[in-house]
Amino acid sequence: MIQDLPPDILAAFKAQAAAEHPREACALVVELPNSSYAFRSCRNIAEDPLGTFTLDPVDWDRFEDEGPVVAVLHSHPSTPAKASAHDRVICAEGGIPWFILGQGGELVRLDPSEVSGLDKLKTGIFKRPLMESFR
Ligand SMILES: [Zn+2]
């Protein structure tokens, strides 16, 4: 699994995030057949792009044709690079690392194996079964 973003990819994502500010920016890292990593900026199609992101699935499909997607990048334009419970759950479901660029330019890596059941509880995904088990 990818551990660090290559400097050129980080620079490209910082430029994208600055251009899309105050909207959240999102992008992918694709592993090309020659084993190099490529940066691919994507569209954020969320209804509330100031506070969340939804990576356009058309972009994902298109870039995945070049090679496996090895990381998901997104920015937090007005908050630190701390993964939200929602970020953590979606990261775990995807099974690949995420990198979050915070408002101060700091970068945090989120590994899907770090995600706990508590995160799922916070997002409400487990809410109904839990309530039923308390009856
Ligand atoms: Zn986030």
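Student: Hi! What kind of model is this, and how are residues numbered?
Tutor: This is a predicted model, where local features need pLDDT of at least 70, side-chain atom pairs count only at pLDDT 80 or more, and totals for chains, interfaces and linings use all residues. Residues are numbered from 1 along each chain as its sequence is written.

Student: Thanks. How many helices and strands does the protein chain have?
Tutor: There are five helices and five strands, and along the sequence they follow the pattern α-β-β-α-β-α-β-β-α-α. Both are DSSP runs numbered from the N terminus: helices are H or I with at least four residues, strands are E with at least two.

Student: What's the order of the strands in the sheet?
Tutor: S2-S1-S3-S4-S5, in an open sheet with mixed pairing. Strand S2 (37-42) and strand S5 (107-110) are the edge strands, each pairing on one side only. Two strands pair if DSSP finds at least two bridges between them.

Student: In which sense do S4 and S5 pair?
Tutor: Antiparallel, over four bridges, with S4 covering residues 98-101. Phenylalanine 99 has arginine 109 in S5 as its bridge partner.

Student: Moving on to H1. Which strands does it lie across?
Tutor: Helix H1 (residues 7-20) lies across strand S1 (26-31), S2, strand S3 (69-75), S4 and S5, and runs at about 10° to S2. That angle is between N-to-C directions, on a scale from 0 to 180 degrees, with axes fitted to C-alpha atoms, for helices over the stretch in contact.

Student: And which H1 residues are buried?
Tutor: Ile9, Phe13 and Ala17. They cover an arc of only 70° around the axis, so they sit on the same side of H1. The arc is taken from the directions from the helix axis to the C-beta atoms. By buried I mean 20 or more other C-beta atoms within 10 Å of the residue's own; exposed means 12 or fewer, partly exposed is in between, and C-beta atoms are placed from the backbone.

Student: Why would residues spaced like that point the same way?
Tutor: An α-helix has 3.6 residues a turn, so residues three or four places apart point the same way.

Student: What's on the face turned away from the buried side of H1?
Tutor: The exposed residues Pro7, Asp8, Ala11 and Ala19. The cover over the buried residues of H1 includes S1, S2, S3 and S4.

Student: Which residues touch the most other members in the largest nonpolar core?
Tutor: Phe13, Cys26, Ala27, Leu73 and Trp98, out of 25 residues. H1, S1, S2, S3, H3 and S4 each supply at least two residues of this core. Such a core is a set of buried Ala, Val, Leu, Ile, Met, Phe, Trp, Tyr and Cys residues joined through C-beta atoms within 7 Å.

Student: What does alanine 27 touch?
Tutor: Leaving out residues up to four places away in sequence, alanine 27 touches Phe13, Gln16, Phe39, Arg40, Ser41, Cys42 and Leu73. Contact here means C-beta atoms, placed from the backbone, within 7 Å.

Student: Now the backbone. Where is proline 22, and is its peptide bond from histidine 21 cis or trans?
Tutor: Proline 22 is in the loop between H1 and S1. The bond from histidine 21 is cis, with omega near 10°.

Student: What about phi of serine 35?
Tutor: Phi is near 75°, a positive value in a residue other than glycine. Serine 35 is in the loop between S1 and S2, and counts as exposed because there are 7 C-beta neighbours inside 10 Å.

Definitions and conventions
Contact = placed C-beta atoms within 7 Å.
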